[in-house]
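Hi there,

Here is the structure I promised to pass along. Have a look at it first, and then read on for my notes.

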Amino acid sequence: MTPSPARRRELLGVAADVFAAQGYNATTVRKIADAAGMLAGSLYYHFDSKESMLDEILSTFLDELWAGYGAVLAAGLGPRETIEALVTESFREIDRHHAAVAIYQKESRHLSVQPRFTYLADSQRKFEKAWLGTLERGVADGVFRADLDIRLTYRFVRDTVWVAASWYRPGGLHSPDEIARQYLSMVLDGIALGERTP
């Protein structure tokens with residue numbers, strides 16, 4: 001009898017939560033099985049190792065992220081609209097793959113040197129190229145300030161968007177799109193009022 005896709009997804013969700021809370025190295029198959037309410041041996045019926053589980057969690061997240069990013073980048077939007085759409089898509093992914101984002105942030109640096117996870121470094125390079133290219137286009141088109149340090153701006157935007165995974169809770173007070181709107185308002189328009197004239 002083949003394990004059902006729904007059961008696999010459920011177990012991967014449990015594993016993602018355990019990896020995110022305890023870290024990959026500290027997590028054992030037994031801990032995942034305990035969290036899923038099953039025997040460790042039964043988990044091997046669905047997955048051959050905890051590495052396989054982690055691989056599926058991260059690759060699923062990144063495949064969906066790049067499907068969303070790819071649609072944005074192919075849409076022919078202006079630089080500001082592209083940044084707005086990329087930020088919004090990022091917050092939606094944090095909502096959909098909250099635990100996977102937390103794992104990616106904590107683990108990708110040391111995982112990416114392992115043969116099975118080299119795609120993490122490839123994805124990071126692609127991510128950087130997409131964001132830097134959009135910022136550079138915005139400066140060239142006169143949409144963004146000419147005095148911006150592009151790489152510093154990219155790092156600031158990247159880090160302030162994705163760190164939201166540490167505090168955002170799916171199903172909370174604000175939707176991903178609402179958070180994205182607030183974030184974009186602060187980043188693109190600032191938080192201070194314009195100078196008052198006497």
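Over the ring of which residue does the charged end of Lys-126 sit? The answer is Trp-66, with 4.2 Å from the charged end to the ring centre. Please keep in mind that this is a predicted model.

Trp-66 also has an aromatic partner: with Tyr-69 it forms an edge-to-face pair, 5.3 Å centre to centre and with 85° between the planes. Because these two are 3 residues apart in helix H4, about one helical turn separates them. Both are buried, Trp-66 with a relative accessible area of 14% and Tyr-69 with 0%. Across the whole structure, the search turned up 11 aromatic pairs. Ring pairs also join Trp-66 and Tyr-69 into a cluster whose members include Phe-61, Tyr-104, Phe-127 and Trp-131.

On to the core. The largest nonpolar core counts 59 residues, and Phe-19, Val-87 and Trp-131 are among those with the most contacts inside it. Helix H4 (residues 50-73) supplies the largest share, 10 residues. Val-87 touches Trp-131, Val-161, Ala-180, Tyr-183 and Leu-184, leaving aside residues up to four places away in sequence.

Helix H1 (residues 5-22) is worth a look too. Its 18 residues reach 25 Å from first C-alpha to last, close to the expected 26 Å. Among its buried residues are Leu-11, Val-14 and Phe-19, and the buried residues of H1 pack against helices H2, H3, H4 and H6. After H1 comes Gly-23, with a positive phi near 90°.

One last item: the charged end of Lys-50 sits over the ring of Tyr-24, 4.2 Å from its centre.

Best wishes

Key
Residues are numbered from 1 along each chain as its sequence is written. This is a predicted model: local features need pLDDT of at least 70, side-chain atom pairs count only at pLDDT 80 or more; totals for chains, interfaces and linings use all residues. Side-chain values use heavy atoms; hydrogens and water are left out. A nonpolar core is a set of buried Ala, Val, Leu, Ile, Met, Phe, Trp, Tyr and Cys residues joined through side-chain atoms within 4.5 Å. Buried means under 20% relative accessible area, exposed over 50%, partly exposed in between (1.4 Å probe, protein chains only). Helices (H or I, at least four residues) and strands (E, at least two) are DSSP runs, numbered from the N terminus. Contact means heavy atoms within 4.5 Å. The expected span of a helix is 1.5 Å times one less than its number of residues. Rings of Phe, Tyr and Trp (its six-membered ring) pair if their centres lie within 6.5 Å; planes under 30 degrees apart count as stacked, over 60 as edge-to-face and the rest as tilted. A charge sits over a ring if NZ of Lys or CZ of Arg is within 6 Å of the ring centre and within 35 degrees of the ring normal.
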